[in-house]
Each structure stands twice: as structure tokens, then as C-alpha cells.
Amino acid sequence: MTFTAAVSGASGYAGGEVLRLLANHPEIKIGAVTAHSNAGQRLGELQPHLHALSERELVETTTENLAGHDVVFLALPHGASGEIAAELEKDTVVIDAAADHRLESAADWEKFYGSAHQGTWPYGLPELPGQRQKLVGATRIAVPGCYPTTILLGLAPAFASSLVEPQDVVVVAATGTSGAGKSLKPHLLGSEVMGGMSPYGVGGTHRHTPEIEQGLGWVAGEAVQISFTPTLAPMSRGILATSTAKLRPGVTEAQLREAYTALYAGEPFVHLLPAGQWPATKQVLGTNQVTLQLAVDEHAGRLIVVSASDNLTKGTAGGAVQSMNLALGLDETIGLNLIGAAP
């Protein structure tokens with residue numbers, strides 16, 4: 001059976017990545033491709049790498065243009081998805097790549113995003129304990145943020161097995177510039193980014209903070225508090241996160257490795273690397289993979305986990321397609337790249 005899919009925000013990085021994956025998906029026929037300010041332009045002018053779709057014309061992002069498809073991907077700015085989603089048919093699989101429906105707490109949403117909360121949808125991170133079954137047959141799915149995807153999968157086994165303390169988690173992560181979207185911003189100009197790194201969202205102000213705490217809290221069964229500092233790296237795509245947590249008394253590295261191996265056994269997209277081998281963003285470029293490595297800092301009594309992902313693939317569009325596959329009853333891996341490119 002072939003399903004039809006519409007993609008909004010198709011002129012941006014996230015929408016373009018969704019289209020790249022769908023173009024090779026054997027069970028999907030791409031329908032409407034929509035945009036806002038770029039409506040009326042040929043897709044090939046804005047996404048020249050999408051050769052098979054280059055002659056498609058971008059149409060306005062309206063409910064009318066998105067209606068009538070089996071699946072609708074919303075790759076829109078934060079705060080723009082709720083109104084459109086509410087007008088689409090209830091049996092349409094709507095997958096929101098923005099943050100509008102990720103958070104359970106209305107107070108957290110209003111604090112970090114400054115608008116009215118739009119409600120909570122099933123969370124599109126199948127590898128997180130308890131989430132996969134919620135996505136099977138779902139008609140509304142919230143795709144996780146790129147940082148939360150990478151960090152949650154890095155820490156979930158330790159919390160699921162109660163091996164670390166919930167109130168002493170510190171994360172420092174680097175991302176490529178595509179995480180900020182495609183619109184022009186002076187601090188993302190090549191001359192500003194090349195040859196250096198810089199922090200942003202310092203002091204607990206980054207919008208992904210409550211989402212990470214929420215996901216870890218689900219796994220831990222209790223509230224988790226993190227200190228999260230993101231940094232901008234001179235690369236176009238990728239995330240490398242270093243997450244640390246205080247170990248509970250007596251926990252060993254062997255116990256941790258056993259917990260990680262057990263939780264991710266059989267997971268096609270999450271890999272704990274062999275001891276001594278560390279993740280790198282180039283390993284996962286263009287794939288739906290997350291690679292992990294862990295160590296124990298005996299001196300500080302802390303777990304250290306390094307995790308790598310492609311922020312546009314597993315961190316956004318790949319996670320969206322993976323969730324779509326589950327919602328439609330398809331093989332979870334269809335249309336998703338398992339193998340990276342090198343060098």
C-alpha cells in the first residue's frame with residue numbers, strides 16, 4: 001500500500017531533510033510541498049540537492065493544501081503548528097517537527113516559548129522506554145528536539161536502571177549551524193562561525209532544557225534536574241553531547257555497560273561503541289543513527305556519556321519518518337539510512 005504525504009516548511013532545512021528521506025521511501029508518494037514566503041517558487045531553486053523533486057512548485061501553507069493526505073509533516077516555526085493541526089482530519093497522521101506539542105507542562109511551555117500551550121502529543125522517540133507502543137497507530141506525533149534526542153538516548157539506560165542520581169546532571173553539547181534554521185542571522189555567517197566555537201543559551205535558558213528533564217523524568221520515575229549548556233560548532237550539521245551524572249553508591253562501569261547493552265539490544269539506530277572507541281559527528285552524518293560511549297570518572301564518582309547524532313536526520317527528519325513508519329504499521333527502518341559516509 002502506498003501512502004501520500006504532504007510536507008510543510010519545505011524550503012527550510014528540516015522540511016528539505018524530510019523530503020530527502022521520503023524521496024527514497026518505497027511506501028510514500030509525496031504530495032503537496034508548501035512554504036510561506038517562498039510559495040510560488042520552484043523547489044529546485046531552494047533545495048537543489050532534491051533533483052527528483054526540483055520541478056515541484058511550493059504552494060502556500062494552508063489547511064486546504066495540506067488536507068487530503070495520509071500523512072502531514074509540519075516543519076514550521078515554533079508556535080505555528082497548533083492552529084493548522086487542529087483543522088486537519090482526525091485520522092490524518094500529523095507529525096510536528098516543531099516544539100509545539102512536546103511538553104506536558106503548560107507552565108514550562110509558556111516560560112520557555114512565551115505563548116499559549118497547544119497540548120501534548122505522543123513523543124516520537126521510540127527508543128525511550130515506554131514510547132514505542134504509544135506511536136503505533138498514532139495520528140498525532142511530536143518529534144523530539146535534536147538536543148533532547150541525543151542527550152536522552154545517551155542517559156536513558158542509566159536512569160532506567162536507577163544507577164545515577166536525579167539531581168546532579170550536567171550536559172555540555174555542540175551543534176552545527178543548521179540547528180538554527182535556514183533564515184539569515186548575522187551570528188551564523190560563515191565569517192562569524194568558521195574557526196571558532198561559542199556558547200549560547202547559558203544559565204538554564206535553552207528551550208530544550210524542560211524537554212530533556214521531562215524525558216529523563218519519565219524514564220527515572222522521578223523528577224530530574226539538569227544543567228545544560230549548548231555550544232555552536234563550525235560545522236553545518238551534527239551534535240556531540242557530553243553528559244555527566246553522579247553515580248549512586250557502589251555502581252560500577254560493568255553495571256552501566258550491562259544496562260546500556262540491555263536497553264539498546266536490537267535497536268537499529270542506537271549503538272554503544274566498543275570500549276575505547278568514541279563517537280564523532282562524521283560517523284553519523286546523514287544517518288538516523290546515534291552512537292554512544294561511556295566511562296566512569298572514579299575521582300569524581302560520575303558517569304560520563306558521549307553521544308553523537310545528525311541533528312537534521314535522527315534529530316529531526318529521521319525521527320519524524322521513523323515515527324511515521326510506526327504510526328502506519330510499517331517496518332520502522334524503511335526509508336532511513338543505516339550507513340554513514342566517510343571521510
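## Contacts and the whole chain

Two residues are in contact here when they have heavy atoms within 4.5 Å of each other. With that in hand, take the contacts in this chain between residues at least 6 apart in sequence: 68% of them join residues at least 24 apart. Keep in mind that what you're looking at is a predicted model.

So what is the chain built from? Its secondary structure comes to 11 helices and 13 strands. The radius of gyration is 19 Å, close to the 20 Å that the globule rule gives for 343 residues, so the chain is as compact as a globular protein of that length. If you boxed up the C-alpha atoms along the principal axes, you'd need roughly 60 × 45 × 40 Å.

Of the 343 residues, 53% count as buried. The chain still exposes about 14100 Å², and carbon and sulfur atoms supply 55% of that area.

Strands of a sheet pair through backbone hydrogen bonds, either parallel or antiparallel. In this model, seven strands make an open sheet with mixed pairing, and reading across you get β8-β9-β7-β10-β13-β12-β11. Which strands stand at the edges? They're β8 (198-199) and β11, and each has a single partner strand, so one side of each is left without a neighbour in the sheet.

Now zoom in on β12 and β13, which pair in the antiparallel sense over eight bridges.

Two helices to look for here are α10 and α7. Helix α10 packs on the sheet, touching β10, β11, β12 and β13, and its direction makes about 165° with that of β12. Helix α7 lies across β7 (164-175), β9 (226-232), β10, β11, β12 and β13. Relative to β7, α7 runs at about 145°.

## The two faces of α10

Helix α10 covers residues 253-263, and its buried residues are Leu256, Arg257, Ala259 and Tyr260. Why do these residues line one face of the helix? Look down the axis of α10: the buried residues fall within an arc of 160°, so they line one face.

What do they pack against? The buried residues of α10 meet α7 (146-160) as well as the strands β10 (239-247), β11 (270-272), β12 (290-297) and β13 (302-309).

Notes:
Residues numbered from 1 in each chain as written. Predicted model: local features only at pLDDT ≥ 70, side-chain atom pairs only at ≥ 80, totals over all residues. Heavy atoms only, no water. Buried < 20%, exposed > 50% of the residue type's maximum accessible area, 1.4 Å probe, protein only. Helix = DSSP H or I, 4+ residues; strand = E, 2+ residues; numbered from the N terminus. Arc of directions from axis to C-beta. Pairing = 2+ DSSP bridges. Axes fitted to C-alpha atoms, helices over the stretch in contact; angles between N-to-C directions. Rg over C-alpha atoms; globule rule 2.2 N^0.38 Å. Areas by Shrake-Rupley, 256 points an atom, 1.4 Å probe, with all protein chains shown as cover.
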